Amino acid sequence: MSVPRRRRSSHPAIVGAVIAAVATVVAAAVPVALELNRDTGGGAAPPVQGAPSTGPPQPTAPAASTSTDPSPTPASPAVTASPSPQADVVPLTEMREMDDFEGWEQEPLTVAGKPHQAVLTASPCWLNDHYTVTFVVSRQFRVLEAAVGIADESPKARPLRFSVLSDSKEVFTTTVGLGRTRPVKVDISDSTQVSLRVSTTSVEQCHGDSLGAWIAPRLRR
């Protein structure tokens, strides 16, 4: 005769222990899950260095100059007046005179019936006596130009001799009487000094009786 099997039933103490263990595990897992959620996704991600900003653009300061050139920017040169060109013709009397002007005058004078404003005059005395005046020209000119004659006021009609000297060497001479003039044109391109001379030709030409005239002596470049 078969004996009926007895139905197994869970022991109350065992069931209670299992439930308590499960509750303990669940309670421990909840804080861990919360902590993991906070660390991995719950907060804002830290900014990445070098990442472009998503906010509004901020003004930036101008970059400092990296130039190492210590010299300042040169200022524009001042505008100056251009030097006036040299005159082609210069009166001889504007040149420096060599302290031998004694006996000479510069004055208006009438020669051969024509008045002249710029005249160098001298009155030599005695035969072959002469008066000389010297100017520094420094090889700046090509030609000496003038005219020579005897002042109309001279009481004697005896001629006078007129000479040009270049560095004390005679390079021109002519003789002129009363009532006439003669042109003078002498190359002085190699001259450092130029001299004008008036000489007598007679003993009657003394005491200021005959007045030799160099009319408008001038230098030409």
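This is a predicted model: local features need pLDDT of at least 70, side-chain atom pairs count only at pLDDT 80 or more; totals for chains, interfaces and linings use all residues.
Colleague: How many salt bridges does a search of the whole structure find?
Modeller: The search finds 2, where a side-chain nitrogen of Lys or Arg must lie within 4 Å of a carboxyl oxygen of Asp or Glu.
Colleague: Which residue forms a salt bridge with Arg218?
Modeller: Glu145 does, with the closest N and O atoms 3.4 Å apart. Glu145 lies in strand β5 (residues 143–150) and Arg218 in strand β10, 73 residues apart; strands are DSSP runs (E, at least two residues), numbered from the N terminus.
Colleague: And what about Arg220?
Modeller: Arg220 forms a salt bridge with Glu145, at 3.1 Å between the closest N and O atoms. Shared partners join Glu145, Arg218 and Arg220 into one network.
Colleague: Is Glu145 buried or exposed?
Modeller: Glu145 is buried, at 11% relative accessible area (buried is under 20%, exposed over 50%, partly exposed in between, with a 1.4 Å probe and protein chains only). Arg218 is partly exposed at 29%.
Colleague: Changing topic, how many aromatic pairs are there?
Modeller: The structure holds 1. The ring centres of Phe162 and Trp214 are 5.9 Å apart and their planes are at 80 degrees, so the pair is edge-to-face (centres within 6.5 Å, using the six-membered ring of Trp; planes over 60 degrees apart are edge-to-face, under 30 stacked, the rest tilted). Both Phe162 and Trp214 are buried.

How values were computed:
Residues are numbered from 1 along each chain as its sequence is written. Side-chain values use heavy atoms; hydrogens and water are left out. Helices (H or I, at least four residues) and strands (E, at least two) are DSSP runs, numbered from the N terminus.
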